[in-house]
Amino acid sequence: PEAGLASSAASAVRKHRRRAQLMGMGSYVGEAEELRLRLQDAADTAESARTGLAAARSAAAAAGAAAGSVPPPDLREAVFSLERVRVQDASPVRMGDVLITHPLACVFQPALDQAVVLVDEIDAQTGHVRGLVLNMPGRATMRELVAAWPDEPGEDLESILDMSLWRGGDISGGKGPQEDVRWLHVFDGGVVEGAREVAPSIWSGGDIGSLASQVVAAQSKSSAEVFDMSSVVRPVIGYCGWSRSQLAMELERGVWVRARVATPEAARALCLAASPPAPAAQAEDEGPLTTIFGQVFVQKVGLGIASYHFSTEEGCYISYESAPPNWLLSDGSRLPAKKFFSETSWDPEARTFRGRVDWVPPFHGATRWDYEMVFSEDLSKIVDGSVIESKEERVANKRSFGEDLLYRRWTQAAAHAAASAAGAEIFRASAWRAALRAAGADMLADFPRGPGADEKLKGRLNTHFKRRAEEMERARSDIPGL
């Protein structure tokens, strides 16, 4: 929808500019043309981002399948509603408000991108506003965290030590891990001393011993075969914060979609949604490596997206099985699933692999890639070397391993971590879209986001920021005395 609207707007401005030109309104034509260019940029950004969405989904699914995990349920159809607070509403933010990131607002801020934030505290004296991100599952558990506590946790906390931590933001209280964890739960202040209600039937904090006891009591009363503790309590570490004036400015500029939780059902759906399922357990990897053959090396995006497969000395190839659909050869055809190296050699003493890839038709303008890969002593990653891209025997580009290209060996542990990360990202995006829909922002919820789409989106935004910086510099140079 965004691409269509922006494209139609650009077309309307184009017609308006031509009429203004015919009427002799020369001074206005330049402004109209600039507006047209910006609207066209918006249309191109939305359209190009949309083409990468399928690749983003397939990459996440491939990572999950590699480790035998089951993706978490799609939360886009979650049945709860939020009361949206419009931008025109100048009323101050209050505790319990929900802030949902606009799709374009925090693309370069991972901690807040695609975030659903609950405002859980407002300091009346300083005006500081604190919020907890609700849709960022973490990898660590409470048991791992308490290892850093100055004192051993008591036996009364045993019931909650294996709970997964959630990430509430990128700010730490600086008081130590014990004080930095915040607890969202369903137990009111009458049974957990010191707990504060921050949303309908959702409380925060209180005495941790009493909280652990309530979890045990809830477990004993449950008729479920496997009791899901995350349905009644969630540990959150870190938070995000603003001054009142800063947050008011961000709301005015549309950085956040603001909403309010009206019912306990909606509050629980947001604050205590079921965690994404853990990937299947994997067997431990064998001992130290003595060769790269029989191994696979990947970038952060995982298998099938330019991953290196050293099957045998004569059978080494680059896998493009899960490559984004916009990775095309010069004739418009898709990349092969396997692109084999030729002229390969392996020097075990120098831990160096060399090989060549020929592209016919060309890929990204190059007809040949020459590789030199230097591996770490334990053969766990590629630490040095380069890829030289040539066009008609002329060097067109050079990329360095360890700097531009970061590759690590694909292990069972890596597969498990990738599947876990993929599941967490799917959960995060689904919960974000569900919250936008619950707030009545369906058009924003449908905006294409994901690894493939985001790469194009960031490129477009960088171009826009560069243009704006140049405009500001030109305007500054026109001011006398500066």
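## A mixed sheet

Six strands make an open sheet with mixed pairing, in the order S5-S6-S10-S7-S9-S8. Strands (E, at least two residues) and helices (H or I, at least four) are DSSP runs, numbered from the N terminus. Two strands pair if DSSP finds at least two bridges between them. Strands S5 (137-141) and S8 (196-199) stand at the edges with a single partner strand each, so one side of each has no neighbour in the sheet. From one strand to the next, the twist averages 40°. Angles run from 0 to 180 degrees between N-to-C directions, and axes are lines fitted to C-alpha atoms, for helices over the stretch in contact.

Strands S7 (residues 181-185) and S10 (residues 233-237) pair in the antiparallel sense over five bridges. Leu184 has Arg234 in S10 as its bridge partner. Helix H8 (residues 264-271) packs on this sheet. H8 touches S7, S8, S9 (202-204) and S10, where contact means heavy atoms within 4.5 Å. The direction of H8 makes about 50° with that of S9.

## An antiparallel sheet

Another open sheet of six strands has the order S1-S12-S2-S3-S4-S11, with antiparallel pairing. Its edge strands, S1 (83-85) and S11 (240-243), each pair on one side only. Here the twist averages 35° from one strand to the next.

Strands S3 (residues 116-122) and S4 (residues 128-133) pair in the antiparallel sense over five bridges. Val129 in S4 is the bridge partner of Ile122. Helix H7 (residues 244-252) packs on the sheet, and its direction makes about 95° with that of S11. Among the strands that H7 touches are S2 (97-101) and S12 (256-260).

## About the model

This is a predicted model: local features need pLDDT of at least 70, side-chain atom pairs count only at pLDDT 80 or more, and totals for chains, interfaces and linings use all residues. Residues are numbered from 1 along each chain as its sequence is written, and side-chain values use heavy atoms, leaving out hydrogens and water.
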